[in-house]
Amino acid sequence: MSDEVVGGWPARRPEPAASAEAVAKSVADGGDAGGERGPAAPSGPGAGRGPAGLRVAVLGGGICGLAAAHRLVRAGARVTLLEGSDQLGGLGTFFPWRDGWVERFYHCVMPSDDDLLGLLGELGLREGVRWRRTRMGMVVDRRHHPFNSALDLLRFTPLTLRERVRFGVVSLLLRRLGRGRDLDRLRTEDWLREVYGDRVWDRLLAPMFGSKFGAAFGDVPALYLWQRLGRESNVSVRGYPEGGYKSVIDALRSSIEDAGGVVRTSAPVHRLTVGAGRALATTADGATTEADRVISTLPLPVLRQVADGDLAGLVPDVELPYQGVVNALFFLKRPLTGHYWAPVVRSGTDFDGVVEMSALAGTFAGRHLVYAMRYTDRASALYREPEGRIAARWTKQLVGLYPDLTSADVDDVRVFKAPFVEPVYPLGYLARQPPVRIAGTPVLLATTAHVYPSVTSWNSGVALANRVVALLDDAARGGSADQRRGGEALADQLLQGGGDPHRG
Ligand SMILES: Cc1cc2nc3c(=O)[nH]c(=O)nc-3n(C[C@H](O)[C@H](O)[C@H](O)COP(=O)(O)OP(=O)(O)OC[C@H]3O[C@@H](n4cnc5c(N)ncnc54)[C@H](O)[C@@H]3O)c2cc1C
């Protein structure tokens with residue numbers, strides 16, 4: 001296990017070439033995301049005057065909703081955040097284990113997560129992020145391979161020598177090869193077959209990419225992969241917040257409540273209606289929240305279920321299939337390989353990736369935390385299978401995959417699922433991406449369907465929250481100087497429920 005701690009936080013690098021390792025990670029790793037940057041958050045002397053007094057309901061208490069609520073209360077809005085589950089944090093949430101709290105799903109911070117790091121700075125948590133160099137492995141046909149250097153690639157026997165060289169060279173050039181091409185309309189499979197060749201695609205990339213997007217893997221726009229490569233390089237540094245992601249979630253809650261905002265958990269929104277420039281959110285217990293503006297971070301299929309009356313027909317009708325995830329967390333008495341991340345290809349397991357979290361975050365209560373995951377549709381047989389059965393089968397599979405591991409080394413295992421993790425974007429999605437605002441209503445959208453071509457991540461959630469709040473803030477101020485130059489109509493339209501030329 002690498003224990004190297006990288007001091008401070010890494011400086012931003014110039015646009016990197018994609019290493020072979022970065023390509024492999026980008027294809028398969030659910031944790032690394034694209035680097036969308038939102039406009040600057042409201043700050044400085046003008047802050048606090050924009051949406052002051054405006055009643056804003058934020059639906060969903062994941063990172064996007066929490067970041068939006070945090071921004072809004074600081075700008076003087078009267079915020080009520082409604083979260084359906086009994087805990088905040090959404091996909092980044094946690095559960096109690098022994099004397100502490102552990103994330104349900106593996107999470108890490110990337111050095112280029114500027115928006116998230118900016119937020120952590122505001123919360124006083126940025127210096128606490130612990131940065132480490134992490135290493136990657138590959139398990140192919142049950143054999144374990146390190147996958148971190150040119151030498152590792154040259155020794156990577158699942159490919160022929162010629163293929164290894166081609167894989168390395170193409171990976172270094174991939175970002176450049178994509179420039180000037182309309183990758184949003186090019187299938188990933190077509191692009192990667194073209195540049196890597198059929199065998200590399202069939203033997204390596206297809207199983208890895210398929211794990212993230214299921215049957216539609218080849219059809220996802222190549223832009224998605226290209227964008228991800230923009231924030232990765234062959235220096236693999238990842239970060240983990242001191243105290244875990246719970247410390248960030250707790251700090252956001254305190255920030256919102258200290259500034260007078262209301263945070264309600266166990267408050268699933270069952271109905272959302274609009275009328276006369278206002279919105280009414282009704283939760284399962286029948287309580288209602290009236291608001292001048294709503295920011296919904298709910299996945300679009302969920303919003304469609306709760307939108308009522310006139311609003312029902314106005315929710316964007318873009319039909320995006322979503323990948324969910326099944327994820328098992330093993331508490332081991334010993335480490336595995338020290339590789340933070342290892343795709344598992346053709347090895348007879350139901351899971352197709354293993355994240356050894358302790359290689360980044362250290363042990364927890366003396367246990368090494370290892371996540372195994374499979375991205376899958378929420379209607380799949382695996383997704384519907386009871387957690388206990390998955391836990392038992394995956395434990396056997398994990399023990400069978402790592403020769404030195406025995407079932408006595410497995411102290412505990414927990415299985416968690418999430419139905420809406422990653423939209424499976426269609427070709428040409430840039431043109432079809434819904435606006436962040438539902439025209440003619442006070443409802444703004446900040447959902448995972450709006451972060452493309454970035455991968456869904458905490459960083460893209462914060463960036464999107466910044467963007468939506470800045471839009472609302474500008475509108476409430478009557479438009480920023482820039483906007484006034486561009487035409488006062490925007491702010492007026494937004495406040496009065498007219499069209500929004502800004503796309504999400
Ligand atoms: C296995 C896995 C690994 C990941 N790894 C990383 C990583 O390493 N780094 C990283 O940055 N990101 C990672 N992510 C992605 C990251 O967790 C998400 O992109 C991010 O949490 C999305 O935040 P969100 O607020 O947009 O949505 P969500 O977190 O989905 O939040 C939406 C919230 O809405 C609530 N809700 C739903 N319906 C209702 C309703 N009717 N009423 C009220 N509330 C409702 C939900 O309970 C939820 O809390 C990972 C995700 C998964 C699943």
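In which loop does P435 lie?

Modeller: Happy to. Two notes on conventions come before the tour. Residues are numbered from 1 along each chain as its sequence is written. This is a predicted model, in which local features need pLDDT of at least 70 and side-chain atom pairs count only at pLDDT 80 or more, while totals for chains, interfaces and linings use all residues.

P435 lies in the loop between α14 and β20. Helices here are DSSP runs of H or I with at least four residues, strands are runs of E with at least two, and both are numbered from the N terminus. The loop sits between α14 (429-432) and β20 (443-445), and T441 has its place there too. A439 is found in the loop between α14 and β20 as well.

How are these residues covered? A residue is called buried if 20 or more other C-beta atoms lie within 10 Å of its own, exposed if 12 or fewer, and partly exposed in between, with C-beta atoms placed from the backbone. P435 counts as partly exposed because it has 16 C-beta neighbours inside 10 Å. A439 has 13 such neighbours inside 10 Å, so A439 is partly exposed. T441, with 22 C-beta neighbours inside 10 Å, counts as buried.

P435 and P316 are 119 residues apart along the chain, and their C-alpha atoms are 8.4 Å apart in space. For A439 and V315, the separation is 124 residues in sequence and 9.4 Å from C-alpha to C-alpha. T441 pairs in this way with A276, 165 residues apart in sequence and 8.9 Å apart in space, C-alpha to C-alpha.

For the whole chain, contacts are counted between residues whose C-beta atoms, placed from the backbone, lie within 7 Å. Among contacts between residues at least 6 apart in sequence, 75% join residues at least 24 apart. The protein chain has 17 helices and 20 strands, and of its 504 residues 51% count as buried.

Going on from β20, you come to the loop between β20 and α15, where P453 is found. The peptide bond from Y452 to P453 is cis, with omega near 5 degrees. Most residues other than glycine have a negative phi, and most peptide bonds are trans. Two residues elsewhere have backbone angles to look at alongside that bond. R142, in the loop between β7 (137-140) and β8 (143-146), is a residue other than glycine with a positive phi, near 70 degrees. S266, in the loop between β10 (262-264) and β11 (269-275), has a positive phi near 50 degrees and is likewise not glycine. R142 is partly exposed, with 14 other C-beta atoms within 10 Å, and S266 counts as partly exposed with 13 C-beta neighbours inside 10 Å.

Two packed helices are described by the angle between their axes and the distance between the axes. Axes are lines fitted to C-alpha atoms, for helices over the stretch in contact, and angles run from 0 to 180 degrees between N-to-C directions. Under 35 degrees counts as roughly parallel, over 145 as roughly antiparallel, 65 to 115 as roughly perpendicular and the rest as oblique.

Helix α2 (residues 63-74) packs with α15 (residues 458-477) at an angle of about 40 degrees, the axes being 8 Å apart. That angle makes α2 oblique to α15.

The axes of helix α3 (residues 114-122) and α15 come within 7 Å and cross at roughly 75 degrees, which makes α3 roughly perpendicular to α15. D115, L116 and L119 of α3 make this contact with W458, N459, V462, A463 and N466 of α15. These residues divide into five nonpolar, two polar and one charged.

Methods:
Two residues are in contact if their C-beta atoms, placed from the backbone, lie within 7 Å. Ala, Val, Leu, Ile, Met, Phe, Trp, Tyr, Cys and Pro count as nonpolar, Asp, Glu, Lys and Arg as charged, and the others, Gly among them, as polar.
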